[in-house]
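This report describes the pockets, the ligand surroundings and some backbone features of the structure shown below.

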Amino acid sequence: MKKACVIGYPISHSLSPVIHNYWLKKYGIEGSYEAVEVKPEELTDFLLNLKKNGYEGCNITVPHKEKAFEILKDLAGKNTSDNLPTEVAKMMGAINTVKVDDANNYTITNTDFIGFARNIISHQPEFDYPNSTPLILGAGGAAKAIAFALGAMHVQNVVLTNRTKDKAEELKKLMVEKLKFKEDRVIVIDWDLKEEVLPNINLLINTTSLGMKNQPPLDINISKIYPDSIVTDIVYNPLETKLLADAKAMGLKTIDGLGMLLHQAAPAFEGWFGVKPEVTTELRDAVLEKLKF
Ligand code: ATR
C-alpha cells in the first residue's frame, strides 16, 4: 500500500487530503494520504526518513516550504522529470512536493506553477497567452510561481506591482536573470498606480491574500480594464471574490482560484501513485463541500 502525506504546522486546514483521497478512491488505488503535523524542529528528521516511514513522498505547506528546500536541495541534486521539475524549486527557493523512490533518491519541486497554467489554459484555451499582457498583483511566493508559469507559457510582456515595491523589483530581477524575460518587457509600477495600467493589460492576476475570508478586501476599480480581458484570482475562499464578481458584472472572462489548487495536486499524485488524475467538476464539488466548514 502506497502512502503520502501533507506536512505543515498547523495542518488542520489543508484541503489536500480531500483531493488526494478522492483520487485514490476514484482510481481504485490501495493507498492513503494523510495530514501530518510536523513542528519546525522535527522537519529535518521527518523529511530524511520519509521512505523509512513508508511514504512515497509528501506535500509541504506553511511554514515549511523554504526550510524543506534548504534541507533537500543538495540531496535531490539533479533529479528532475517533466512531471516534477526541480528547476522551479531552485528558482523559487521553496517546495511543495517531495518524492522519494525505493533507492531513497529524492525529487523536489513546486507544482504551483503547473496548477496556475493548467487552470487558466483549461478554462480559456483560445486565449493568446504568448501575446497577452498580464498584470500581477503581489510579489510573494505565489507570484513567483505564476511568473514561472507565464515564462513557460511564452508570455513576453508582464507588469508587476506590489505594496512593497522592492519585492516587485526583486521578482523582476529573478524573471530577467532566471526566466529569460527581457529586461524592458517587465515593468514594475507603484501599487497606487495599478488602476492606471488596466487599459493596457488583458490578463489580471491577483496573487495577494487580499479578498480572502478574514483578510482585508482588494481595493481596485477595474472599470478601465481592456474589454476582452481575463481576470483571475488565486484566492478560492470565497470562491467568487469581489474582484471576480466585478469582472463578471462587466462581462469579462473570470477564472477562480480553486482550479489552481486542484491542478497543482495532480503532478504530485501522479509521481507517487503512478496515475495521471483528472480535475473534474465532481472533484471541485467535493472540495467545495469541505470549504463550507
Ligand atoms: P504567498 O506565498 O501566498 O504569495 P506571501 O509571500 O506572504 O504569500 O505574499 C503575500 C502577498 O500579498 C505579498 O505580495 C503582499 O505584499 P507585501 O509584499 O507588500 O507584503 C501582499 N499583501 C498582503 N497583505 C496586503 C495588504 N494589506 N495590502 C497589499 N498587499 C498585501
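The second largest pocket has 19 lining residues, and those nearest its centre are Asn162, Arg163, Thr208, Ser209 and Leu210. The model is a predicted one, in which local features need pLDDT of at least 70 and side-chain atom pairs count only at pLDDT 80 or more, whereas totals for chains, interfaces and linings use all residues. Residues are numbered from 1 along each chain as its sequence is written, and side-chain values use heavy atoms, with hydrogens and water left out.

**Pockets**

A pocket is an open set of points on a 1 Å grid over the protein atoms alone, where a 1.4 Å probe fits, with protein on both sides within 12 Å along at least five of seven lines; lining residues have an atom within 4 Å of a point. A volume is the space filled by probe spheres set on the points, which are joined across faces, edges and corners.

The second largest pocket has a volume of about 350 Å³. Helix H6 provides the largest share of its lining, three residues. This lining comprises six nonpolar, nine polar and four charged residues. In these classes, Ala, Val, Leu, Ile, Met, Phe, Trp, Tyr, Cys and Pro count as nonpolar, Asp, Glu, Lys and Arg as charged, and the others, Gly among them, as polar.

The largest pocket has a volume of about 1600 Å³. Its lining numbers 41 residues, with Thr61, Val62, Met212, Tyr236 and Leu261 nearest the centre. By class, 18 of the lining residues are nonpolar, 17 polar and six charged. At least two residues of this lining come from each of strand E3 (55-60), helix H3 (65-76), helix H6 (141-152), helix H9 (258-273) and helix H10 (281-291). Helices (H or I, at least four residues) and strands (E, at least two) are DSSP runs, numbered from the N terminus.

**Ligand**

The ligand takes up the space of the second largest pocket; a molecule sits in a pocket if more than half of its atoms lie within 2 Å of the grid points. Around the ligand are 13 residues, of which Ala142, Asn162, Arg163, Thr164 and Lys167 come nearest; a residue is near a molecule if one of its heavy atoms lies within 4 Å of it. This shell consists of four nonpolar, seven polar and two charged residues. The table gives polar contacts, that is, pairs of N or O atoms within 3.5 Å.

| Side chain | Distance to a ligand oxygen atom |
|---|---|
| Asn162 | 2.6 Å |
| Arg163 | 2.8 Å |
| Lys167 | 2.9 Å |

On its own the ligand has 640 Å² of accessible area, of which the protein covers 66%; such areas come from the Shrake-Rupley method with a 1.4 Å probe.

**Backbone**

Most residues other than glycine have a negative phi, and most peptide bonds are trans. The Val62 to Pro63 peptide bond is cis, with omega near 5 degrees, and Pro63 lies in the loop between E3 and H3. The bond from Tyr9 to Pro10 is also cis, with omega near 0 degrees. His154, in the loop between H6 and strand E7 (158-162), has a positive phi, near 65 degrees.

Conventions:
A polar contact is a pair of N or O atoms within 3.5 Å; within protein, one must be able to donate a hydrogen and the other to accept it, and residues adjacent in sequence count only if both atoms are side-chain atoms.
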